[in-house]
Every structure is written in C-alpha cells, then in structure tokens.
Amino acid sequence: MEYYSELAGMMGDCALTLNLLKTEEEEITNHLNKVGNELFLNNLLYQWYVSLFVQSATHDVFLAVWDAMFVEGNIVIFRAAIGVLSLMKEQILALDTMED
C-alpha cells in the first residue's frame, strides 16, 4: 500500500503525533479532548505534514525543519509538530471552541 493511498500513512502519522503529544504535553491533549478540538488538530497536522510546514511556517523555519529532516530522518517532522504545539500551549489552552 502506498503512503498516500486512502491516506492511511497520514492518518498513522497524525495518530502517532497525538500519542506523542499526550506523552509530552498531556495538558494540551486533555484540553483539546475536553473542548472537542481533536479533529481541528488532525486537520492542522495534515496541513503541516502534507506541505512539510511550507504553508504554515516562515521560510527560515521550514528550511531548518527540512535540513534537520534530511540529516536525522522523518522523526524531525514529529518533533517540529510537538515543538510548535508546545510553543502555542497558552493559546491552545485558551481555546473554547474551534471558532476561536
């Protein structure tokens, strides 16, 4: 099965990221589950992973992610996602709904 056929690979990557987030930032995970924003997070991760952060990050940031990815491998993508979410922790915890 190809990575993108039926998006099975992408769904696996999002699930892995959610598990890592639960380990690294349990407070964020609990809050998103509480307010029902896990689908929003999956959509955000999908955008980041499909574009390898090109559409969401500054030029310097996505090039740094790419450089690290070519040296260290795909694990960098997950580290970057968890890092961005950790940096946004206060804003995420302030969300009450997806509309915020």
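Start by selecting glutamate 25 and lysine 89: their side chains meet in a salt bridge, 3.1 Å from N to O. A salt bridge here is a side-chain nitrogen of Lys or Arg within 4 Å of a carboxyl oxygen of Asp or Glu. Glutamate 25 sits in the loop between H1 and helix H2 (26–35) and lysine 89 in helix H6 (residues 89–93), so the pair ties together parts that are 64 residues apart in sequence. Helices are DSSP runs (H or I, at least four residues), numbered from the N terminus.

Before you click on, a word on what you have open: this is a predicted model, where local features need pLDDT of at least 70 and side-chain atom pairs count only at pLDDT 80 or more, while totals for chains, interfaces and linings use all residues. Residues are numbered from 1 along each chain as its sequence is written, and side-chain values use heavy atoms, with hydrogens and water left out.

Stay on this pair and colour by accessibility. Glutamate 25 counts as buried because its relative accessibility is 15%, while lysine 89 is partly exposed at 24%. The cut-offs: buried is under 20% relative accessible area, exposed is over 50%, and partly exposed lies in between (1.4 Å probe, protein chains only).

Glutamate 27 is partly exposed, with a relative accessible area of 45%. Show Glu25, Glu27 and Lys89 together and you have one network, joined by salt bridges that share partners.

How many salt bridges are there by this rule? The count comes to three. Among them is glutamate 72 with arginine 79, where the closest N and O atoms are 2.5 Å apart. Glutamate 72 counts as partly exposed, at 46% relative accessibility.

Next, jump to asparagine 43 in helix H3 (residues 38–51). Asparagine 43 is partly exposed, with a relative accessible area of 47%.

Last stop: select Leu7, Met11, Tyr46 and Val50, a nonpolar surface patch with about 360 Å² of accessible area together. Methionine 11 lies in helix H1 (residues 8–24) and counts as exposed at 56% relative accessibility. Patches take residues with over 30% relative accessible area and no salt bridge, joining like charges within 9 Å and nonpolar side chains (Val, Leu, Ile, Met, Phe, Trp, Tyr) within 5 Å. Accessible areas come from the Shrake-Rupley method with a 1.4 Å probe; for residues, only the protein chains shown count as cover.

Key
Helices (H or I, at least four residues) and strands (E, at least two) are DSSP runs, numbered from the N terminus.
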